[in-house]
Amino acid sequence: MNTVIKILIAILVFSAIVIIHELGHFLLAKKNGIGVTEFCIGMGPKLIGKKVGETTYAIRALPLGGACMMVGEDEASDEDNAFNKKGVWARMSVVAAGPIFNFILAFFLALILVGFKGWDTADIEVIKDMPVAKAGIKDGDVITKINGKRVSCDREIMYALYFNPIKSDEPIEIEYKRNGKKYTKKVTPKLIKEYSITGVSIIEKDGMGVITDLEKKSPFHKAGIKNKDIIVGINDEKFKNVEELSDYLNNERLKKEITVTYKRGDKEKTVDVKLTDKSYSEQYMLGFTYMDDRNNVNALETIKYAFVEVKVQINIAIQSVKYLISGKASAEDMSGPVGIVNFIGDGYEATKSAGVGAVLLQLIDITILLSANIGVMNLLPLPALDGGRLLFMVIEVIRRKKMKPEVEGMVHAIGLVLLLLLMAVVSFNDIKKIFGL
């Protein structure tokens with residue numbers, strides 16, 4: 001039953017994002033006098049439909065996304081209301097409207113999220129005897145800049161350090177705020193040698209840290225630990241909740257061999273886990289973690305931070321694309337529909353014990369992330385995507401001449417096939433991760 005609920009929730013989230021995307025195309029097509037033959041919710045065989053004017057509004061059998069089908073969109077047409085008959089700027093506005101509406105959806109949902117939960121300012125907890133603490137920065141101080149780059153929340157710091165890891169002991173300038181006053185300190189990173197837990201994710205469920213996405217042949221898997229096991233202790237430490245587990249993993253330097261205590265059903269077991277050399281790292285660290293709290297904001301600040309929330313998600317998506325293009329990430333690090341369904345399901349599992357309100361806010365948070373990401377991905381200048389279509393129009397503006405429809409159609413067709421192949425590979429990897437294969 002739980003699996004069915006997760007899938008239904010994922011379908012609703014996906015459908016909302018795609019329908020809003022297609023609604024953007026639809027509204028701008030109508031505004032520019034372009035004929036829309038069908039606007040549908042779902043895919044596959046038509047269940048019900050009603051024609052109003054020139055447009056058929058339909059619900060199709062497969063509850064995944066939707067479509068806006070325009071006259072002359074994929075083939076040449078001599079009709080006056082055809083997409084291909086309109087000026088280049090009108091066509092560009094129609095194509096760009098889809099991703100832009102994804103950003104608009106993300107913004108309105110961010111208003112709800114920030115309004116109810118507040119804003120997660122970049123206030124930190126410092127680790128004893130580490131560089132940040134030695135520089136005089138204290139618990140509760142709010143970081144505002146790192147090396148001159150402004151940060152608005154803890155996630156911006158986290159992703160900035162993830163995409164641009166510190167590689168030397170060259171001092172880093174940190175600007176922070178304490179009691180309304182700003183200070184600047186030079187902090188010299190420290191080289192830390194440690195092992196880390198790999199091949200597994202830990203999510204919160206009923207307040208505890210629960211194993212998920214366990215990879216086959218990973219250290220935890222070899223030790224006999226399974227998905228849904230609850231981590232209650234590592235070495236000599238016992239954890240009352242997931243926060244204590246998180247603090248331990250952030251603050252302790254793990255050795256190659258650790259002892260893990262886990263709970264499966266009503267039984268508690270202890271096993272030795274031998275971490276792999278691949279998980280050994282030597283990295284320069286500043287020595288702080290993030291305070292897991294949000295500050296209440298007023299109405300104007302809610303609008304401000306809703307914009308900031310969308311900006312943060314767009315920046316993270318852009319950085320992720322750059323990371324993939326640079327070769328620092330591979331297809332195995334990507335998630336397709338299957339992985340995203342599992343991701344949404346994990347969010348539901350982690351919050352359902354806290355009530356309907358917590359679940360809704362968690363789903364809103366996930367929808368903001370996905371909608372912003374889909375907006376960015378669709379603007380990539382790749383065939384079959386909105387960005388690919390926009391690229392052809394930019395070329396048209398420069399050449400002052402349209403590309404041959406058959407050439408553009410062939411490029412988009414090839415791009416669609418390659419995109420479907422990529423989705424198949426990514427979905428296969430998602431399935432392997434979920435089932436620990």
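Trainee: How are W119 and Y305 classed, as buried or exposed?
Mentor: Both W119 and Y305 are buried; the term requires under 20% relative accessible area, whereas exposed means over 50% and partly exposed lies in between (1.4 Å probe, protein chains only). The model is predicted, so local features need pLDDT of at least 70 and side-chain atom pairs count only at pLDDT 80 or more, while totals for chains, interfaces and linings use all residues. Residues are numbered from 1 along each chain as its sequence is written, and side-chain values use heavy atoms, leaving out hydrogens and water.

Trainee: Why does F107 count as buried?
Mentor: The relative accessibility of F107 is 15%, so this residue falls in the buried class.

Trainee: How many aromatic pairs are there by the ring rule?
Mentor: The count is 11 aromatic pairs. Rings of Phe, Tyr and Trp (its six-membered ring) pair if their centres lie within 6.5 Å; planes under 30 degrees apart are stacked, over 60 edge-to-face and the rest tilted.

Trainee: What makes F107 and F108 a pair, and of which kind?
Mentor: Their ring centres are 5.5 Å apart and their planes stand at 65°, so the pair is edge-to-face.

Trainee: Why is the pair of W119 and Y305 called stacked?
Mentor: The centres lie 4.9 Å apart and the planes are at 20°, so the pair is stacked. This pair links distant parts of the chain, 186 residues apart: W119 belongs to the loop between α2 (88-117) and β3 (124-126), and Y305 to helix α7 (residues 299-325). Helices (H or I, at least four residues) and strands (E, at least two) are DSSP runs numbered from the N terminus.

Trainee: Which residues form one aromatic cluster with F39?
Mentor: F26 and Y57 form the cluster together with F39.

Trainee: How do α2 and helix α9 (residues 356-378) cross, and at what angle?
Mentor: Their axes come within 8 Å and cross at roughly 155°. Angles over 145 degrees count as roughly antiparallel, under 35 as roughly parallel, 65 to 115 as roughly perpendicular and the rest as oblique, and therefore α2 is roughly antiparallel to α9. Axes are lines fitted to C-alpha atoms, for helices over the stretch in contact, with angles from 0 to 180 degrees between N-to-C directions.
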